[in-house]
Amino acid sequence: MKRTIKKVAVLGSGIMGSRIACHFANIGLEVLLLDIVPKELIADEQSKGLSLESKAVRNRIVNASLETAVKSNPSPVYSKKVVNLISTGNFEDNMKDIASCDWVIEVVIERLDIKQQVYDQVEKYRKTGTLITSNTSGIPIHLMAEGRSDDFKAHFCGTHFFNPPRYLRLLEIIPTPDTKPEVVDFLLHYGDKFLGKATVLCKDTPAFIANRVGVYSIMALLHLVEKMDLTVEEVDKFTGPALGRPKSATFRTSDVVGLDTMINVANGLFNNLPNDKAHDLFQLPEYVKKMAENKWLGDKTQQGFYKKIKNADGASEILALDLKTLEYKPQQKIKSATLEATKPIEKLRERMTVFAKGTDKAGEFFRTSFYGLFEYVSDRIPEISDELYRIDDAMRAGFGWELGPFEVWDALGVKETVEAMKSYGNEAARWVHEMLAGGNESFYKVENGVRKYYDIPSKTYKPIPGTDAFIILDNIRPTNTVWKNSGTTLTDLGDGILNLEFHTKMNTIGGEVLQGINKAIDIAEKDYRGLVIGNDGANFSAGANVGMIFMMAVEQDWDELNMAVKMFQNTSMRIRYSSIPVVVAPFNLCLGGGCEFSLHADHVQLSAETYMGLVEFGVGLIPGGGGSKEFALRASDEFKEGQIDQMVLRDRFLTIGMAKVSTSAEEAFELGYLQKDKYSITMNRSRLIADAKEKALELAEAGYVKPVPRKDIRVLGKQGLGIVYAGANSMYAGHYISEHDKKISEKLGWVLCGGDLSQPTFVTEKYLLDLEREAFMSLVGERKTLERIQSIVTKGKPLRN
């Protein structure tokens, strides 16, 4: 059955409901958001003479919830414009309107009786075949389907989003025995491709997969704190980025989410899993019970494991809770030989082995917590999942773990770890021993570029379903590398398309990356059809290597620096004027030089979560890799008959001058970093390289023709400079900017206006690039600029004379 989703109804507008509605609107769907009718007037409504029958009153709850969601930070929407796709109403007046919806998702309070009342109404109005799903995080799905019609049951399923729905990628799909298989398949595919989720098929067991494993891990840790006499600071240091976990680690995450949320899930697991081997671990430690009694729940009550105060000097200070005395105290700096040993190791899998061998408290903590986790997850198969990869997928997407538990186990060596676990009182499940006895020594392996998992029933390795739509560079790099240097690798993606990935720290751009791009284009022009510039790292690129710029400037090696800037500009132009299509595939951070490469691409295939910007102004410079030139060019293309040219110039100037960074791919277009018809958005980042490859192929097969360098760029000269200089002087006179900021503003204006030409004139790209480089070089030698750059490079140490 072909199914198309055009309109979605979200029933319940609380924290989750309102944000789920926003995310459906993010992908361009019409959304109907409903909630209950208030039972009494508030003072403001009484003063306006409204009654309980007034529409504004009847929709007050849903409208207030949506308004709160849209104003929240981080924002649940890609652009404020998408809010227009959401219409609001209430259960009494508007439930009939769900008849026009293709998918109804229930997100009301976690009480079975209330959900069943809502479903009674849904049954009256939903059209036959409409999807009906619940976002419950704990109520058994089959209980909610009891007593419903056959068509309702056939199209009913659990769809558990994680909060916040825009940012956390996990979507658990939990069918009942009556759910049609094609409905399950549709939800798995739709969630992946259109909602950008890692969709994980779950069994209808308590807390499903992610919360079952995640809350076990947290509860085991809370008990381990007492056993090992650990502090809040130690735990967050041990369980943060060094371990491939979010920066907020464990206790800071609890404060953000709310201790009460974790307690509710833990209590649910304790009550519903009497036969779980780890049952006692779901019982709350005394210090957690005391925190709950004191209402120390985290950010929502202004204190939890951490508390923010004003110290004697009036400055903000964050205190940590002493878990033994339950008193707040200044945070202690954590020192650990094991952590120090992991710092120079970039590859997480290699860091894991260092943790496992650590002889200090961090090493002991790692072994104790992970060995228990390995036992727990191996015992959960087949209870919560028949396939081990689903558990890893759920933990990566739902809890932000860079590696799932079975992936960590692989990194340590399965066989060695099984033996090491015994000395800690942990035993791997029988199927793990059978796997090893059969000569299979890992949970995953890559064969011919295809990642496979160990399938327990068949005792063989099988490809992970659904991943055939992804291109995973780690899997194909060993066999498909065409060329590489110290900072880049050029890989054959097949069908005549190459991919160039960066490997520098934060994927910053230095000489090795510039060399890599030029070499990749050389090779592609000779023997291939197109090039993608993209990678599977944490960020696309944080921009130019400012440390390199700083060293050249300090040593006053101006000729070398000028040559480096010119090479950067030439590389951007090479991207634009190569004889093959070049598609850039940015995601997450795409700043400075990374943004400039995107500005010059034939097409930008970017992740929905792309934070793009020209941020050079913040370090006392202007974009020097073609970015300033490109904004002058785009301003010229926007000048229209009857339109005030200066307004276009002002908008372009402010985007660079205020170092504006987009909060989404859609906002990158609104800020002018992307051009209409020259960009496409990929919702699921796992599909990004594959989508970019398809776009490069499409351009090649359409008969790609090398563009002609522009000679028709209209700049305003003195007419524009007057506006820029007047604005900069006004801001300086009002003490809004420093004298140095005024100078940078004037230099940027000089480039965007094409210098002090006597009248609006048509100029070439080369002319503007020369102005850009000259302005960049004049600023980089300024002491104020060097101080700003050094504060980044050396983390705030003063500049020496």
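What share of the contacts in the protein with a separation of 6 or more comes from residues 24 or more positions apart? I looked this up and got 69%, taking contact as heavy atoms within 4.5 Å.

I note that this is a predicted model, where local features need pLDDT of at least 70, side-chain atom pairs count only at pLDDT 80 or more, and totals for chains, interfaces and linings use all residues. Residues are numbered from 1 along each chain as its sequence is written, and side-chain values use heavy atoms, with hydrogens and water left out.

Overall form. I find 34 helices and 25 strands in the protein; these are DSSP runs, helices being H or I of at least four residues and strands E of at least two, numbered from the N terminus. The radius of gyration is 29 Å, close to the 28 Å from the globule rule for 801 residues, so the protein is as compact as a globular protein of that length. That radius is taken over C-alpha atoms, and the rule is 2.2 Å times the number of residues to the power 0.38. Along the principal axes, the C-alpha atoms fill a box of roughly 80 × 70 × 65 Å.

Burial. I see 54% of the 801 residues counted as buried, meaning under 20% relative accessible area with a 1.4 Å probe, protein chains only.

I139. I place I139 in the loop between β5 (131-134) and α7 (141-145). I139 is buried, at a relative accessible area of 12%. Leaving out residues up to four places away in sequence, I139 touches E110, R111, L112, K115, M144 and F208. I also checked D204, 65 residues from I139 along the chain: their C-alpha atoms are separated by 9.2 Å.

Notes: Buried < 20%, exposed > 50% of the residue type's maximum accessible area, 1.4 Å probe, protein only.
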